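Please find below my notes on the model. They are set out as numbered points, to be read alongside the coordinates.

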Amino acid sequence: MTTQQEPENNHHLVASEDDNHPANLIPSLCAKFWNLGWVTGTGGGCSIRDGDLVYIAPSGVQKELMKADDLYVLSLQQQQPDLKNRTYVRSPPHGKPSQCTPLFLAAFTRRGAGCCIHTHSQWAVLVTLLLEAQGPGRDKVFEINNIEQIKGFGCGFQKSGNLGYHDTLRIPVIENTAHEEDLTEFLEEAMDKHPDTYAVLVRRHGVYVWGDNVHKAKTMCER
C-alpha cells in the first residue's frame, strides 16, 4: 500500500462548518454507531464519496472520539486499477489508513455508491452464526421476506423502487480473513454473483452496507 501526502496536507478538504459535509458526517455517524453498539473501540468504519473525492474514517481512532481532522481523503481518478496501491490527497498528521479502504472503493467503483458503512453489529454476526449452523451449502446467503423492514432496501443496482413486503431480500455471506483488506476479492465476487445486493455479511465479523448516498446507506444499515 502506498500513501502520499501533499506538502500542505490539504487541510481545507476537511475544514467545513456544514454539518452535511463528508468530513463532519463521518465522525457524527461513527459516534451514532458507537452509541448503538454497532462498533466498539476502533472497529468498523465509514466512507463517503463526494464526486471524485473519497473521505475515509481512519484506523486506530476511537469511533466516538473521531474528528474531521482524523480523516483521510483520496481521489478515485488517481487510484490504480487494482485499488491496492493507494494515493491519498490528504492524510492526518497522526493516523493510519483503514484496511477497509479497498472494500469501500469497491462499492464506489463497482456500484457507483455515495456511501459505504462497515459495522461490527452483534446482530449481523449472529445471523452469520445461525446460517453457519445450517451446514455447508446453506450458509452462503441470508434470505428474508414478509417483514416490513426490507421495504427500506432498493430493488438493485440501476433499478428503480424499493423491495416490497412480500419480496425476498438476499444478502450474501463471505468468509472472514485474518486481515480486513484481504476480504476485498471475496466482497467483489459476492457483488458479481449478487448484482442487486446492497450489503455483504462477513461471517463472525460484521457487515458492509452501501447506498447511493449517506441517507440511503444509513437507512439500509439500520434495517
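**Notes on the predicted model**

1. Gly156 is found in the loop that runs between β6 and β7, the latter spanning residues 168-174.

2. Is Gly156 buried or exposed? Its relative accessibility is 0%, and Gly156 therefore counts as buried, the cut-off being under 20%.

3. Which residues does Gly156 touch, leaving aside those up to four places away in sequence? They are Asp196 and Tyr198. Gly156 and Tyr198 are 42 residues apart in sequence, yet their C-alpha atoms are 7.3 Å apart in space.

4. The residue numbered next, Phe157, has a charged group over its ring. The charged end of Arg111 sits there, 5.4 Å from the ring centre.

5. Next, the sheet. Nine strands make up an open sheet with mixed pairing, in the order β4-β3-β2-β1-β5-β9-β8-β7-β6. The edges are taken by β4 (88-90) and β6 (141-145); each has a single partner strand, so one side of each is left without a neighbour in the sheet. On average, neighbouring strands of this sheet are turned by 20° against each other, direction ignored.

6. Strands of a sheet pair through backbone hydrogen bonds, in either a parallel or an antiparallel sense. Here, β2 (residues 53-56) and β3 (residues 72-75) are paired in the antiparallel sense, over four bridges. In this pairing, Leu53 has Ser75 of β3 opposite it.

7. Helix α1 (residues 22-36) lies across β1 (45-50), β2 and β5 (115-119), and runs at about 155° to β1. Helix α5 (residues 214-222) lies across β1, β5 and β9 (206-211), running at about 145° to β9.

8. How many aromatic pairs does a search of the whole structure find? It finds three. One of them is formed by Phe104 and Tyr208, in an edge-to-face arrangement with 6.2 Å from centre to centre and 65° between the planes. Phe104 belongs to helix α2 (residues 101-111) and Tyr208 to strand β9, so this pair ties together parts that are 104 residues apart in sequence. Phe104 and Tyr208 are both buried.

Terms used: Residues are numbered from 1 along each chain as its sequence is written. This is a predicted model: local features need pLDDT of at least 70, side-chain atom pairs count only at pLDDT 80 or more; totals for chains, interfaces and linings use all residues. Side-chain values use heavy atoms; hydrogens and water are left out. Two strands pair if DSSP finds at least two bridges between them. Helices (H or I, at least four residues) and strands (E, at least two) are DSSP runs, numbered from the N terminus. Axes are lines fitted to C-alpha atoms, for helices over the stretch in contact, and angles run from 0 to 180 degrees between N-to-C directions. Contact means heavy atoms within 4.5 Å. Rings of Phe, Tyr and Trp (its six-membered ring) pair if their centres lie within 6.5 Å; planes under 30 degrees apart count as stacked, over 60 as edge-to-face and the rest as tilted. Buried means under 20% relative accessible area, exposed over 50%, partly exposed in between (1.4 Å probe, protein chains only). A charge sits over a ring if NZ of Lys or CZ of Arg is within 6 Å of the ring centre and within 35 degrees of the ring normal.
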